[in-house]
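Thanks for coming, everyone. I'll walk through one protein chain today. Here it is on the screen.

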Amino acid sequence: MSERGARRALLVGLLIAASPAGAEPSVAILDLPFRARALRGPGSEVAIAVATSGLLPLARSRSANPAVVEPEAPIAVVWGDAGGAALSLVDGQVTTTLLGAEAVEGLAATETPRGALPGSRRAVSGALSAHLADPRPALAGGPEQAGTLVIRERQPVAMGGDPKPVPVVTTPLSAAPDAAFALRRPRIARLDGKPIVLAVTVAPAGGAALALFAKAEPGAAATPGAAWTLLARSPEQATGPGGQPLKPAAIADFSGTGRPQIAAVAAPDGAGQLQLWALEAGALRLAREAPGYTNVSPGEGEVDLAALVEPEREGAPELALPIADRSAVAILSLKEGVRERSRAPLPGLAAFGLASLGRGPATRLLVGLSDGRIAVVTP
């Protein structure tokens with residue numbers, strides 16, 4: 001190789017070494033004719049209700065090439081005082097189908113069932129649902145708390161004959177003696193093929209902990225009300241006076257081991273300590289943690305400010321959530337330690353929701369900003 005060729009090869013090698021491994025995330029603002037104040041992602045109760053309500057075929061699409069969103073298609077839903085919209089991903093683009101705000105809010109009202117703590121949201125998975133009830137004053141300052149976690153299970157109905165009401169088994173669970181449940185939406189997942197329910201408990205001194213409930217084995221409980229029991233609880237973590245308790249972000253197999261782990265943020269309105277908890281030998285163990293992230297917004301304790309970024313094929317999902325000051329969204333791999341794969345600065349503060357559409361490189365993140373706009377992040 002000539003000296004000139006060698007210099008050129010060296011220059012190309014230096015440029016490649018200095019270049020980032022992948023393209024930087026891009027951020028755009030979704031064109032909506034209203035300011036949004038609520039966002040729900042795919043699989044949420046509101047998104048499923050909108051997709052199956054018959055609203056979408058009657059709605060008007062703002063896309064140049066309108067796409068019909070089938071009821072089973074994964075959609076996100078946003079709404080505000082002046083309107084609502086269903087958002088779907090078509091050919092890499094987020095398409096918008098306008099909806100009436102009143103219709104969306106009517107469907108969203110079911111998130112807080114009768115008897116639930118005002119302002120709370122229930123979790124639904126198939127025939128199973130869970131919500132907080134029995135409001136109580138905060139044990140150590142801060143927001144209101146709940147005395148009861150209510151688990152409801154729809155039972156099978158025999159086929160044939162006259163229509164019959166669907167029987168429902170209701171199980172009320174207490175946090176612990178002298179403890180309460182924090183205003184954190186319960187989470188439903190599956191462990192070893194069986195359903196589990198995750199909640200957050202608060203002790204009299206203010207320490208918060210993750211509480212994992214599971215259904216007892218057949219024959220282990222004499223009555224339906226005793227069929228659910230506490231499976232594991234994490235160690236308590238102190239919460240400052242008036243500060244917010246830890247908040248779950250997601251439950252998924254982040255490590256790729258075949259068993260789900262719990263991602264949560266401790267001190268979410270302070271230092272923002274992202275934690276990953278694993279169930280081992282009947283106890284919740286802190287596997288890893290990293291500071292500088294949050295999944296809460298001031299005055300919005302029940303919004304979802306975290307979302308899974310699913311792989312295109314098999315593999316461990318990643319977690320997207322804002323950095324501590326909510327000025328950017330970070331995408332994190334939790335498979336081996338906590339590794340920030342990318343970070344997307346936002347044109348405003350993340351405020352009322354974060355949702356994910358698509359999988360793998362086609363993923364688009366939707367972020368509700370404090371000024372009512374919806375940011376679209378292409379990781």
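**Strands, sheet and cavities**

Start at one pair of residues: Glu 280 stands opposite Ala 283 in β19. Strands here are DSSP runs of E, at least two residues, helices are runs of H or I, at least four, and both are numbered from the N terminus. Strand β18, residues 273-280, runs antiparallel to β19, and eight bridges join them. Two strands count as paired if DSSP finds at least two bridges between them.

Before going further, the ground rules. This is a predicted model, where local features need pLDDT of at least 70, side-chain atom pairs count only at pLDDT 80 or more, and totals for chains, interfaces and linings use all residues. Residues are numbered from 1 along each chain as its sequence is written, and side-chain values use heavy atoms, with hydrogens and water left out.

Now the sheet around that pair. It is open, with four strands in the order β16-β17-β18-β19, and the pairing is antiparallel. β16 (247-252) and β19 (283-291) are the edges; each has a single partner strand, so one side of each lacks a neighbour in the sheet.

Next, a hairpin. β5 and β6 form it, with two residues between them, and Asp 91 in the turn has a positive phi of about 55°. Strand β5, residues 83-90, pairs with β6 in the antiparallel sense over seven bridges. Within that pairing, Ser 88 stands opposite Thr 95 in β6. Is β6 enclosed or open? Six of the seven residues of β6 (residues 93-99) are buried, so the strand is largely enclosed by the rest of the structure. Buried means under 20% relative accessible area, with a 1.4 Å probe and protein chains only.

On to the whole chain. It has four helices and 26 strands. Of its 379 residues, 47% count as buried.

How many cavities are there? A search of the whole structure gives three of 30 Å³ or more. A cavity is a set of points on a 1 Å grid, over the protein atoms alone, where a 1.4 Å probe fits but cannot get out; lining residues have an atom within 4 Å of a point. The largest cavity holds about 60 Å³ of space, the volume being the space filled by probe spheres set on the points. Its lining includes Ile 251, Leu 279 and Leu 284.

Last, confidence. pLDDT is the predictor's confidence in each residue, from 0 to 100. The chain averages 85, and 83% of the residues score at least 70. Over residues 220-225 the pLDDT is below 50.

Note on methods. Contact = heavy atoms within 4.5 Å. Buried < 20%, exposed > 50% of the residue type's maximum accessible area, 1.4 Å probe, protein only. 1 Å grid on protein atoms, 1.4 Å probe; cavity = no way out; pocket = protein on both sides within 12 Å on 5 of 7 lines; lining within 4 Å.
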